[in-house]
Each structure stands twice: as structure tokens, then as C-alpha cells.
Amino acid sequence: ADDADAEEADDESADADDVTDSDSNADENADESASENADAEEADDENADENETETGGVVEADRSNSGANQSDEETTAVPADEADENADEADNADESANENADAEEADDESADADADADSDSDAEEAGDADAEAEEADDESADAETEETRDNPYRDEALEKADAMLARLRRHNGNDLEAISEDVSDAVYNADDKASYENTGYTSQVLADWLFDEDREAGDTDLLEDGDIFYVVVFHERFRDEEKTVKIRHILITPEEVEEEETADDEELTEEEQAERDAAREAAEEAAKETAKEKADEIYQEWKDGDATEESFAALAKEYTDDSNGDQGGLYERVYDGQMVTEFNDWCFDPDRKPGDTDIVETTYGYHVMYYVGDDLPRWEAQVFDDLKSEDYSNWAESLSADAVITRHDFGMRFV
């Protein structure tokens, strides 16, 4: 009986030591977690100071670091707190098991087994609880990045934007440019020909506001897109009635002058390099002159012939270096600013009229030009091109919709 009592006392001492070790480890982990979170918070404050910028009368501040680190702190602290609670539960379970062993000494082995099972179950429950807590904290981290209460720079941005909007509304939506000049580092933008597909802005929030079907002239608002605020005013909605044009051209490009090769171990003197550069420039000028002569000859051939649009198209098919030779050198729905400068300026000369011809030099070479006439308004041309592109895509997809594709390993060896 004395031996059994001694063995039982040893078991109780061992269980107590295990509980004490568990409490010690949990406290040690909590201390380490608190230290790590303190370091993270300090680093986050430094990041917030470094990331302050201002733009457009609106302060742009990077708050993502701050939000993420605050979430990490919570994520780390919660598992540490629950570890202490789980340790206490395990301690209570072990003491209960020992009390049962004292009362029913004959069932000591069974009580020990039950205690072990209870301990394993508690550990599994603690692990599940920790996993759920970690998942909840991850969701909290995502939400926390949207919080702004700990970012003073963003608050300053909002205050400036609110003040600008209030002034804008007192001016009935006018003088936004002048108002923005009173705000340090403000950036003012205006667009009198914005389109939904090409607003010139990087903000989809701004584009969606501008092209909302309920938008009315004079509307003002303050928009938030991430860490940026926009003070906006809407003037009007309209269709772009500017004309597009239809032209034909014959492109003659100068022959490319090949670079004179130099041996790897050959080093040219400055005089030799200058002579080589001069020779190359002379060759390029000669090639341009040859191209110009050819363009003149084609132009003259057209003049000596029927001198019609149809005869011009025939010459384009025969001579042009452009890719639209099969279409007789035809470009349709050309809008102002689409082509290279010299080409564009000739097409959109205010005095341009159907049947005009000339030779225009650009960086591509020499263009024998024929002005067919005005084409669709810009807005209608855009609709036409969009529908045409959509129809082509649908047609191309239909060609392979019911196709059966078979792969042959023999052929793949040559790919």
C-alpha cells in the first residue's frame, strides 16, 4: 500500500510539472508575440511617415502597411491568449483525474487512460480553436486595411478634399482650376473630349462616375479610389461630331542602308568613324532621293492617265509599299491625330477638298496622296468599328466552335 501511495504521488507530481511547463511555454510565446508586434507597430509608424504624398489637391497616403501590421498584431495576440485558457482547462482536467484516482485507487490505470484521452481531446480542441481564431484574424486583417482611423495623412487628404468641394459648390461648379491652385501640390486636369474607353485617367471609379447614365450637367462630387480623393465636376455629355476622312495613298519607302560591318577586334579612330558616318548619311540621302524620284514618276503616270480615283487605286495596288495595297491604298474613317504628323496635317487641312492630290514626305518615306472626301462623324465611326470588330470576333469563333482537334505525337516532334 505504501508503494502504491508513493507511485501515485509521483504521478501527481509529473502531471503538475507538465501543466507548469505548458503555462510557462504559453507565457513565453505571449511575451515573444507582444515583442514582435511592438516592433511591427514601430516599423509601421515609420512606413506611414515615408509614404505621405499629396496629389491633385488630394493627399495620397499609403495606408496598407499600417492596416496589415495592426492585423498581424491581433492575429498573434489571440492565439497566445487562448493558449493560456487551454492550459488552464488541461490543468483542471488533470486535477479532476487525480481526485478520481484517490477515490478509486483500484481503477488508477483506467483513470490515467481517461486523463490522457481528455488531454488529447483538449489539445485537439485548442488546435481547432486556434485555427478558427487565426482565420478570423486574417479576415480582420483584410478589413483593417480599409480602416483609416490610424492614418492621420489620409484624414488631412479628406479634409482638403471636403474643403475644395464646399468651395466648388459655392461657385456653382465653376472655377475648379482656381480653387485647386490654392492647395499645395494640387494637380488639375480637364478633358473636353473624354470617352469611356479612353478617359486618360487611371481611376475606374472616376470613369464610372463620369459616364453614369444619370449624370447631369453641373454635378459635383468627392470620389474615393483607394488612397486618392477626386473632386470632380461634370459639364456636359455629347457626341463627337468631328469628321473623319477617307483617303488613298501610295507609299514609297527608301531602301534601307545596311550598316558597314566591323571586325570584333577592329578599333576605328575618330577620323575613320566620322568618315564612315558621313558615308552612311550620303547613302541614306541617295536612297531618299531615289524614292522621291519614283514617287514623282508614279504621280506623273497618274496625271498622264485617266487621273481618277479608280486609276489611282490601280497604281496603289501595283506600287505601294504599304500593307493596304490590295485595297487600292484606301484608308477609311481616319480621325484627326491618328496618322503621322505630316500625313495628318495634309488630310485635315481646312481647305482640303475631294480629288486633291500631292506628294507628302514623312518618316516612312514619300506618300502620293489622293483625298477621297469626308467620312462618318467620329462618334459614328467608333460605333461602326466596334460593331465590325464584334462581328468579326463572333465569326472567327464560329469557325472553330464545332471543330474536333486531334493531336498527333509524330507531328509534335517537329514543333
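Mentor: Tyr 392, Trp 395 and Leu 399 together form a nonpolar surface patch of about 390 Å². This is a predicted model, in which local features need pLDDT of at least 70 and side-chain atom pairs count only at pLDDT 80 or more, whereas totals for chains, interfaces and linings use all residues. Residues are numbered from 1 along each chain as its sequence is written, and side-chain values use heavy atoms, with hydrogens and water left out.

A patch consists of residues with over 30% relative accessible area and no salt bridge, nonpolar side chains (Val, Leu, Ile, Met, Phe, Trp, Tyr) being joined within 5 Å and like charges within 9 Å. A salt bridge is a side-chain nitrogen of Lys or Arg within 4 Å of a carboxyl oxygen of Asp or Glu. Areas are calculated by the Shrake-Rupley method with a 1.4 Å probe, and for residues only the protein chains shown count as cover.

Leu 399 belongs to helix α10 (residues 378-399); helices (H or I, at least four residues) and strands (E, at least two) are DSSP runs, numbered from the N terminus. Leu 399 counts as exposed because its relative accessibility is 55%: exposed means over 50%, buried under 20%, and partly exposed in between (1.4 Å probe, protein chains only).

For the chain as a whole, the accessible surface comes to about 27,100 Å², and carbon and sulfur atoms account for 42% of it. Of the 415 residues, 27% are buried. The chain has 11 helices and eight strands.

Buried in α7 are Arg 276, Ala 287, Ala 291, Ala 295, Ile 298, Tyr 299 and Trp 302. In an α-helix there are 3.6 residues a turn, so residues three or four places apart point the same way. The buried residues of α7 pack against β5 (243-252), α8 (309-319), β7 (357-362) and β8 (365-377), a contact being heavy atoms within 4.5 Å.

The loop between α7 and α8 holds Ala 307, which has a positive phi of about 55 degrees although it is not a glycine. Ala 307 is partly exposed, with a relative accessible area of 33%.
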